Amino acid sequence: MKKIAVLTSGGDAPGMNAAIRAVVRTALHHNIEVMGVHRGYSGLLNGEMFPMNRSSVSDIIQRGGTILRTARCEEFKKEEVRKEAVKILQDNGVDALVVIGGDGSFTGAKLLSKLGVKTIGLPGTIDNDLSYTDYTIGFDTALNTVTDAVDKIRDTSTSHERVSIVEVMGRNCGDIALYAGIACGAEYIITPEKGYDKKELCDIILDGKKKGKMHNLILLAEGVGGASELAKFIENETKIETRATVLGHVQRGGSPSAFDRVLASRMGSKAIELLLEGKTSRVVGIRKNEIYDVDIDEALALDRTFDNKLFSISAEINS
């Protein structure tokens, strides 16, 4: 192992820079050259590669986003395009590729490995939607960002005795909504995994009003539906003023939490360890606070699991 490349792909996540830093510095410690790739697979195809040294990753552990930039690359689904990427890596003397991203990024890494490229994947996504790992890089920071925003929304919701719906990211995974809902004491949490009943929701709100509740807080995962439409429905049914807030991409930004910085550093170091052991087509995860690796095909084949117990706890303590 003489030279590796590292790229970030898909949606950005706080902690990606910490992961890049760990990959680069661990590799250099073992006398392995490192090439950075700008703009993910798209940049790889365009030959946007440059050598990295220790100073390349100085003062980035605390920064959100990714210094390598990121981009979607639909054309990478074509085999002839991937073969072109393999040739570019070979022409630059690259022996292995570390990919930091979500399931789409991992799919790209898997397909490259089938063409002979040594690949290691690190889970960088705020959605926490990769079942093989307890946590993904960026989830904790996004969760804290949501919690801080919802705490502020609660203040004005209480003052005006409103129903407040906060729509958070998560696509087909409700973990941000679930964890933030518990952390913020939301009366109702709506996730793609569990769904919801509009009539039941309105009944809960009205019942709470009878008991003297001054406001209601609802956490809604974006994969379920629009917050604005739901707010109109609730207001029409309950006659209680209802407001919707879509947090959007504020959840992706910001300085990564200490947890995400440490997690990313541990995973980045593990990636180089695996390459030194001659392993390929692996992804790094964390289970019961232990960093481990699993075959990329196996990781992607796992069905998405939802913490039903945690969801039940939220209903018991927040109702």
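Predicted model: local features only at pLDDT ≥ 70, side-chain atom pairs only at ≥ 80, totals over all residues.

**Helices, sheets and individual residues**

Trainee: Is the crossing of H6 and H11 left-handed or right-handed?

Mentor: A crossing is left-handed if the near helix is turned anticlockwise from the far one by less than a right angle, and right-handed if clockwise. By this rule, the crossing of H6 and H11 is left-handed.

Trainee: At what angle do H6 and H11 pack, and which term describes their arrangement?

Mentor: Axes are lines fitted to C-alpha atoms, for helices over the stretch in contact, and angles run from 0 to 180 degrees between N-to-C directions. Angles under 35 degrees count as roughly parallel, over 145 as roughly antiparallel, 65 to 115 as roughly perpendicular and the rest as oblique. H6 and H11 (residues 308–318) have axes 10 Å apart and pack at about 30°; therefore they are roughly parallel.

Trainee: Which residues of H11 meet H6?

Mentor: Contact means heavy atoms within 4.5 Å. On the H6 side, Leu178, Tyr179, Gly181 and Ile182 take part. Their counterparts in H11 are Leu310, Phe311, Ser314, Ile317 and Asn318.

Trainee: How many charged residues does the contact of H6 with H11 have?

Mentor: Ala, Val, Leu, Ile, Met, Phe, Trp, Tyr, Cys and Pro count as nonpolar, Asp, Glu, Lys and Arg as charged, and the others, Gly among them, as polar. The contact of H6 with H11 has six nonpolar and three polar residues, and its number of charged residues is none.

Trainee: Which term describes the arrangement of H5 and H6?

Mentor: The axes of H5 (residues 139–160) and H6 (residues 175–184) come within 9 Å and cross at roughly 50°. Because of that angle, H5 stands to H6 as oblique.

Trainee: Which residues of H6 make the contact with H5?

Mentor: H5 passes H6 in a right-handed crossing. H5 contributes Phe139, Ala142, Leu143, Val146, Thr147, Val150, Asp151 and Arg154. From H6 come Asp175, Ile176, Tyr179, Ala180, Ala183 and Cys184.

Trainee: Is Asp175 buried or exposed?

Mentor: Asp175 lies in H6. Apart from neighbours within four places in sequence, Asp175 is in contact with Asp127, Asn128, Phe139, Arg304 and Phe306. Buried means under 20% relative accessible area, exposed over 50%, and partly exposed in between, with a 1.4 Å probe and protein chains only. Asp175 has 6% relative accessibility and therefore counts as buried.

Trainee: Which are the edge strands of the four-stranded open sheet?

Mentor: Two strands pair if DSSP finds at least two bridges between them. The order of this sheet is E7-E8-E6-E9, with parallel pairing. The strands that pair on one side only are E7 (188–190) and E9.

Trainee: How many bridges join E6 to E9?

Mentor: E6 and E8 (residues 216–221) pair in the parallel sense over six bridges, with Glu167 opposite Leu220 in E8. Val166 stands opposite Thr245 in E9. E6 and E9 (residues 242–246) also run parallel, and the number of bridges joining them is five.

Trainee: How many residues of E6 are buried?

Mentor: In a regular strand the side chains alternate between the two faces of the sheet. Val163, Ile165 and Glu167 on one side of E6, and Ser164, Val166 and Val168 on the other, are all buried. Of the six residues in E6 (residues 163–168), the number buried is six.

Trainee: At what angle to E8 does H6 run?

Mentor: H6 lies across E6, E7 and E8. The angle that H6 makes with E8 is about 160°.

Trainee: What is the phi of Ser281?

Mentor: Most residues other than glycine have a negative phi. Ser281 lies in the loop between H9 and E10 and is buried, because its relative accessible area is 11%. Ser281 is not a glycine, yet its phi is positive, at about 55°.

Terms used. Residues numbered from 1 in each chain as written. Heavy atoms only, no water. Helix = DSSP H or I, 4+ residues; strand = E, 2+ residues; numbered from the N terminus.
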